[in-house]
Amino acid sequence: MNKVMIAEDDDSLREIYSIRLTAEGYMVVSARDGEEALAIAVRERPDLIVSDVMMPKISGFDMLDILRSTPGMDNTKVIMMTALSSDDERQRGEALGANRYLVKSQVGIEDVVNAVHEVLGDRDQDNTASQTTPMAEPVIPEVPVAPIAPETPVAPVFPTMPPQM
C-alpha cells in the first residue's frame with residue numbers, strides 16, 4: 001500500500017483529500033504547514049507528497065528544496081498544488097524537482113486523485129487503480145428484539161357523564 005502525505009494549511013481541503021485518497025486505498029498522513037511536513041516526511045517516508053505552495057512557517061517550495069537535499073528522500077515523489085498559475089512559479093516547482101504542478105482553480109478532487117495515481121504509476125492499462133482495495137459493504141449487526149405479546153382487545157372506556165337536568 002502506497003503512503004501519501006497531504007501538506008495543506010486549509011483544514012477542509014486537507015480532510016477532503018485525505019478522505020478521498022484513503023478511499024482509493026492509500027495510507028494517508030497529513031501536515032498543516034511546511035515545517036510539520038518535513039518532520040513527518042522524514043519520519044514516515046511517504047511515497048508521494050501532495051503539497052500546497054503557500055503554507056505557514058516553511059513554504060511548499062522551501063519544503064521541497066530541503067526535502068530534495070535530505071538523504072534518503074530523493075525518491076519521494078511530489079505534487080505541488082497552488083493558487084499561483086504563473087509560468088515562473090511552475091518553472092520554480094519543476095526546477096526544485098516537483099513531479100507535477102497543479103493549479104487549484106483548474107483542478108477538482110478527481111483530477112488530484114488521478115494525478116496521484118499517475119505519479120505513483122499504480123494504474124492498470126484500463127485506467128483503474130491496481131492497488132485499490134474495494135470498499136466493503138457496511139455490516140449491519142442484527143439486534144435481538146424481544147417478542148411482542150399479542151394485543152389483547154381493550155374495551156373502550158367512555159367517561160360517564162352525570163345526567164343533565
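Two strands pair if DSSP finds at least two bridges between them; helices (H or I, at least four residues) and strands (E, at least two) are DSSP runs, numbered from the N terminus. This is a predicted model, in which local features need pLDDT of at least 70, side-chain atom pairs count only at pLDDT 80 or more, and totals for chains, interfaces and linings use all residues. Residues are numbered from 1 along each chain as its sequence is written, and side-chain values use heavy atoms, with hydrogens and water left out.

Five strands make up an open sheet with parallel pairing, in the order β2-β1-β3-β4-β5. Its edge strands, β2 and β5, each pair on one side only. Within the sheet, β1 and β2 run parallel and are joined by five bridges, and M5 stands opposite V29 in β2.

M27 also lies in β2, which spans residues 27-31. Its relative accessibility is 39%, so M27 counts as partly exposed (buried is under 20% relative accessible area, exposed over 50%, partly exposed in between, with a 1.4 Å probe and protein chains only). M27 is 22 residues from M5 in sequence, with 8.5 Å between their C-alpha atoms.

A nonpolar core is a set of buried Ala, Val, Leu, Ile, Met, Phe, Trp, Tyr and Cys residues joined through side-chain atoms within 4.5 Å. The largest has 23 residues, of which M5, I49, L67 and M80 touch the most other members. At least two residues of this core come from each of β1 (3-7), β2, α2 (34-44), α3 (60-68), β4 (77-82) and β5 (100-103). A second, separate core has 16 residues, including V50, A115, V116 and L120.
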